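My entries follow in the order in which I made them.

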Amino acid sequence: MGGVTSPSTPPLLQVTGLHVASAEGGDEILRGVDLTVGAGEVHALMGPNGSGKSTLANALLGSPEYTVTAGTVSYRGDDVTDWGPDDRARAGMFLAFQYPQAIQGVSVLNFLRQALSARKGIDLSMLELRLSIMEWMERLDMDPSFADRYLNEGFSGGEKKRNEILQMAILEPELAVLDETDSGLDIDALRVVAKGVREVREDRTELGILVITHYQRLLEEIEPDRVHLIVDGKIVRSGEAALAKELEASGYIEYAAVES
């Protein structure tokens, strides 16, 4: 379901020569990443532990834990390199966290109402929002009572990940970065989450997605248009969906050896 970008239309996401270090200092984690994602496309980013996958995800959304030392991040033609995370989220960029945090005292419903108000500048009634949430909770196989529970408080790993996809569905971003959404999920929970992603894409065909994962199994459920391999802070190879199967079979050792 890859999108088509005309020559006059800028890519949804364009990362150019991106170098990123921890805000606390130290060596660079990303060392010159180039990546382009078009509207309606699914791109997968794979690589070994410590290669910079989650750093890229957080840097794309402007996490204050990281500092861009060189390069740019452009979104829909705008240079957002210096934008804060709130501004990026309002513009339609979304990050599903690898480890979603619990927020005591804030219900899922209230969290989504505030986030949607900030995202779209509209104030939905609680009834309208609840109806929309209930529909998506059913599609994501979530207990409807979770709408009134504190955000991620007491949620299982699978419920937390489904809640991230619920947020993606309700907030209607233009670009979604899924940071190891399959981490800690059994095969049944993974299929439910993947089904939710597919249904969001069916509703929003222009949604661009960057899926960050270690494993092929998620990509069997959400087939990517392009696969990228990141090793030691650089994308060292890109290819079609078959590249993910090749990496699953052969591992990353030969690439790590080349980069070391």
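I began with strand S4 (residues 66–75), which pairs with S5 in the antiparallel sense over two bridges. I count two strands as paired if DSSP finds at least two bridges between them. Strands (E, at least two residues) and helices (H or I, at least four) are DSSP runs, numbered from the N terminus. I noted that Ser74 stands opposite Asp79 in S5.

The model is predicted: local features need pLDDT of at least 70, side-chain atom pairs count only at pLDDT 80 or more, and totals for chains, interfaces and linings use all residues. Residues are numbered from 1 along each chain as its sequence is written, and side-chain values use heavy atoms, with hydrogens and water left out.

Next I looked up the strand order around S4. The open sheet has four strands in the order S2-S1-S4-S5, with antiparallel pairing. Strand S2 (28–37) and strand S5 (78–79) stand at the edges with a single partner strand each, so one side of each has no neighbour in the sheet.

I then turned to strand S10 (residues 208–212). Which strands are joined to S10? Strand S3 (residues 42–46) is joined to S10 by four bridges and runs parallel to it; His43 stands opposite Leu210. Strand S9 (residues 175–179) is joined to S10 by five bridges, also in parallel, and Leu175 has Gly208 as its bridge partner. From S9 the chain crosses through helix H6 (residues 187–203) to S10, and this β-α-β crossover is right-handed (with the strands pointing away from the viewer, the path from the first strand over the helix to the second runs clockwise).

I checked how covered S10 is: five of its five residues are buried (under 20% relative accessible area, 1.4 Å probe, protein chains only). Gly208, Leu210 and Ile212 point one way, Ile209 and Val211 the other.

Last, I looked up the largest pocket, with a volume of about 920 Å³. A pocket here is an open set of points on a 1 Å grid where a 1.4 Å probe fits, with protein on both sides within 12 Å along at least five of seven lines; lining residues have an atom within 4 Å of a point. The volume is the space filled by probe spheres set on the points. Of the 32 lining residues, Ala89, Leu95, Phe97, Phe111 and Gln167 are the closest to its centre. The largest share of the lining, six residues, comes from H3. The lining divides into 18 nonpolar, nine polar and five charged residues, with Asp, Glu, Lys and Arg as charged, Ala, Val, Leu, Ile, Met, Phe, Trp, Tyr, Cys and Pro as nonpolar, and the others as polar.

Definitions and conventions. Buried < 20%, exposed > 50% of the residue type's maximum accessible area, 1.4 Å probe, protein only.
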